[in-house]
Amino acid sequence: MSLELFTEGEPIADTKAPTDVPIGERWSERQFRGRLVNPTNRRKMTIIVVGTGLAGGSAAATLGEAGYRVKSFWYQDSPRRAHSVAAQGGINAAKNYRNDGDSVHRLFYDTVKGGDFRSREDNVHRLAEVSVNIIDQCVAQGVPFAREYGGLLDNRSFGGTQVSRTFYARGQTGQQLLYGAYQALERQIAAGSVEQNARTEMLDLIVVDGRARGIVARDLVSGEISTHFADAVVIASGGYGNVFYLSTNAKGSNTTAIWRAHKRGAYFANPCYTQIHPTCIPVKGDYQSKLTLMSESLRNDGRVWVPKERGDDRPANDIPEDERDYYLERLYPSFGNLVPRDIASRQAKNVCDEGRGVGPGGLGVYLDFAEAIKRLGRPAVEAKYGNLFDMYAQITGEDPYVTPMRIFPAVHYTMGGLWVDYDLQSTIPGMFVIGEANFSDHGANRLGASALMQGLADGYFVLPSTISSYLADGPFDKIDESHPAVVEAVQGVQEQTQRLLSINGNRTPASFHRELGQLMWDLCGMERTDEGLRKAIDRIREIRQEFWSNLKVGGDWHSFNQTLEHAGRVADFIELGELMCVDALHRRESCGGHFRAESQTPEGEALRDDENFAYVAAWEWTPEGQPPVLHKENLEYEYVHLAQRSYK
Amino acid sequence: MTATRHDAPMTSSVGNPGAEKRGMNLTLRIWRQQGPTVKGKMVTYKITDISPDMSFLEMLDVLNEQLIMQGDDPVAFDHDCREGICGMCGVMINGQAHGPQQTTTCQLHMRSFKDGDSIDIEPWRATAFPIIKDLAVDRRAFDRIIQSGGYISVPTGTAPEAHATPVPKADSDAAFDAATCIGCGACVAACPNASSMLFTAAKVTHLGLLPQGQPERNDRVVNMVAQQDREGFGGCTNIGECSASCPKGISMETISRLNHDLLGALRAGARPKS
Ligand SMILES: Cc1cc2nc3c(=O)[nH]c(=O)nc-3n(C[C@H](O)[C@H](O)[C@H](O)COP(=O)(O)OP(=O)(O)OC[C@H]3O[C@@H](n4cnc5c(N)ncnc54)[C@H](O)[C@@H]3O)c2cc1C
Ligand code: SF4
Ligand code: FES
């Protein structure tokens, strides 16, 4: 590996988990050993929470209830619109209501294995433990989960597991869970414990004497740049999948909050771990602005296939059974259509690369419900998936009850994120990171229905408990606008904003974003190679240079200026894109969603190299012209034995 | 071949011969207003070569890219998820909230229009939703209605085991139907009185149908109704335009239920907090 792309620094360790007790006791032990803040002192402490998705919304509400003074920030008009609202399929919990052999240990095991042995055992075990409390909490809030005729909760199966542990609310689980958290948050806003800052975007982190003490933010309506101070800052700004331009994320989803915090000293872990979801509606044209997911739950009943022959362009229904290749069922008899996402996506790519893809450009595979409709009847299929079928029909103009759906993989989730320890604290003391914004629990591949679980585990239960250990040393000295660190941060934001507006070149932010996205998809997407990644890095540097010399953004910054918002986000995506490629290049193994063509088994499965790469890659930002510094956190597997994943 | 996305043709031709036509030319008349206190007006734009497979917002993206390149101010409009679930998008299209189909603006596709059409695009109009810029409005009044009682008070960590209280499937399903409201505001925009009754009734119904929602049921309904009056939304006279425009099909029955609950609550002596 060429030296100039990165250098290696000191390894890091997560020392917060009490490894002297067995894994099942570590979380309660940590809570017991952690320090507490008494209720009177909580009222003297301020906590900033950036984001109101499942992670930020649940954290802000819970911290408010606990008596802290909370300041909550989000970029949409209402906290109810955080992108968690779009999650469709469900949330996992080890309730074992099906009596099918599920347990905390099995959920723990499935998640570590599903993550292809690149996550931390302690974190994952805690997640599995807390999962059961989440369901209780949500039901009490009035989340209308699907129920059976006896009035008890229903479950379904998701990829990568053989038990039925996914709780759901038709195809709108994220929406219903988010509204639960949102309503709890609004209750705290009404009670005066949470201050609301709608349409306000975090643009920098304020670090004073080595501690995170506040943020610089821009009011997206008035354009005003303001400062906000606190004793601790919690970032819950979601994932960065939009670095690929086209993804299943919301248009406004961004990396800005975490990227700017990274530039202030927070390590960025495993940036190249991206989840490409196998079942999305294929791209149609150049104007395409986003991709729409068709929930993984569809793979419970839908069968994935392509024609056996290349270039067979007969309509799906004219292709006889024996000329179809149900390739997932063929390759993975025991998991069939329910293999984990990374595997399903890569196999879809493989059959398309063989020329057996269907639809425009041969970039699609069928997801067929004919058999399910025959077996269960159309009304039953409608009841289960009606809204997804409607959405598909709305977008494609085709009727999935009659012709099979066409699906193709799309960027969906980012397992990478800011590095955090067992307490969810970043490398900047006082800055905590929760939800998709951190890197913590999913290793190199996230199992379906586990992000909602993680977001709510972090926000309702883990962070509110661990943050008190840090705050027990507070409240910290008061700071104000005149502090040199604050002045410097505000000036930085003003200068960057001014610079974006003054280039006055010939290309819009969207045009740069598209170009970056296409490049990332082609060279740092489903399959990565040494050569491709090096090319990508060179090209990204050129894009970056052109961005800062040929960008066109109209208007000014003292008003509602959506082009300016977009430009700032694209600037950060470009920098992040480069780091993702460096990370992908340095990891000369395949694991989970990170597939290096050079490292595969004879059957074409991801081949890990545990000898050399069983670590978290945490990157330290360095000023312009200096390569980023890699810090390794070694991963050890005490309870789940390292093994080649098999879903055969 | 490797999997590259953008080599797909502009229109899909598989199994959908109706979508073959391409390149519509349209006349857009769009409400332009610099800010809340400035006067606005309709401005006409011509746009060409619009694919029927584009979403309505993608069509506006195309227009905005052109406006930026010409050095003009792009049209401000709200959107985020672009899959019909966040409730952020929403404009009046030819006088109809979210346009000619009962869906969100982001899920409306250009195949609902034809070559040569003229399309009027305006913001939601309601006193309680002040205009921010062009097509973007301020809907925070909805959040304040929720703040006044649209929740169940259950601090984190205090919940009983989820299976402790079974909920009849019918109630749970009906609660879910009401809970699907996305807070977009189309009901208010469609209502001649600019009433928020459907939005409020959806929440009152969702929580009121569940056993967990019973303890606060009376206070919830009186406070939420009082808050919508304070916000300046109009009164409900049962016209039904709200439900007809609602992308999530929230039914008028929720309003009957709210009225029923309100009466019961007032009889029981519940009064709004001042
Ligand atoms: C279409 C789709 C379907 C999914 N389905 C499932 C599923 O079925 N099961 C599952 O487990 N997971 C699913 N996921 C993944 C899961 O939904 C997300 O990982 C999770 O909801 C992320 O929650 P979050 O709270 O971390 O972030 P988000 O919900 O994305 O919230 C981010 C918040 O941060 C705010 N924000 C962002 N940037 C800034 C900034 N710079 N300044 C201020 N505020 C900012 C936003 O306003 C928002 O409030 C799905 C994801 C998608 C996209
Ligand atoms: S009731 Fe319907 S129209 Fe009104 S806000 Fe809710 S979803 Fe939108
Ligand atoms: S943009 Fe989210 S509902 Fe339309």
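A:Arg569 is buried, with a relative accessible area of 7%; buried here stands for under 20% relative accessible area, exposed for over 50%, and partly exposed for what falls in between (1.4 Å probe, protein chains only). The model is a predicted one, so local features need pLDDT of at least 70 and side-chain atom pairs count only at pLDDT 80 or more, while totals for chains, interfaces and linings use all residues. Residues are numbered from 1 along each chain as its sequence is written, chains are lettered from A and ligands numbered from 1 in the order in which they are written, and side-chain values use heavy atoms, with hydrogens and water left out.

What does A:Arg569 pair up with? Its side chain meets that of A:Glu565 in a salt bridge at 3.7 Å, N to O, a salt bridge being a side-chain nitrogen of Lys or Arg within 4 Å of a carboxyl oxygen of Asp or Glu. A:Glu565 is buried too, at 12%. Both residues sit in helix 16 of chain A, four residues apart, or about one turn of the helix. In general, an α-helix has 3.6 residues a turn, so residues three or four places apart point the same way.

Helix 16 of chain A covers residues 562-586; helices (H or I, at least four residues) and strands (E, at least two) are DSSP runs, numbered from the N terminus. Its end C-alpha atoms are 36 Å apart, which agrees with the 36 Å that its 25 residues should span, the expected span being 1.5 Å times one less than the number of residues. Of those 25 residues, 23 are buried.

Among the buried ones are B:Phe56, B:Leu60 and B:Ile68. Helix 1 of chain B (residues 56-69) reaches 20 Å from its first C-alpha to its last, close to the 20 Å expected. After the helix comes B:Gly71, with a positive phi near 80 degrees.

How do the two chains meet? In all, 95 residues of chain A are in contact (heavy atoms within 4.5 Å) with 88 residues of chain B. Between them the chains bury about 7,900 Å², 54% of it on carbon and sulfur atoms; buried area is the accessible area (1.4 Å probe) that two parts lose on being put together, summed over both. Six salt bridges run between chain A and chain B, including one from B:Asp177 to A:Arg170, with the closest N and O atoms 3.2 Å apart. Helix 6 of chain A (residues 173-191) gives the most to the side of chain A that touches chain B, with nine residues.

Over all chains, the whole structure has 73 salt bridges. One of them joins A:Arg264 and A:Glu488, and the pair ties together parts that are 224 residues apart in sequence, because A:Arg264 lies in the loop between helix 7 and strand 11 of chain A and A:Glu488 in helix 13 of chain A. A:Arg264 counts as partly exposed at 28% relative accessibility, and A:Glu488 does so at 42%.
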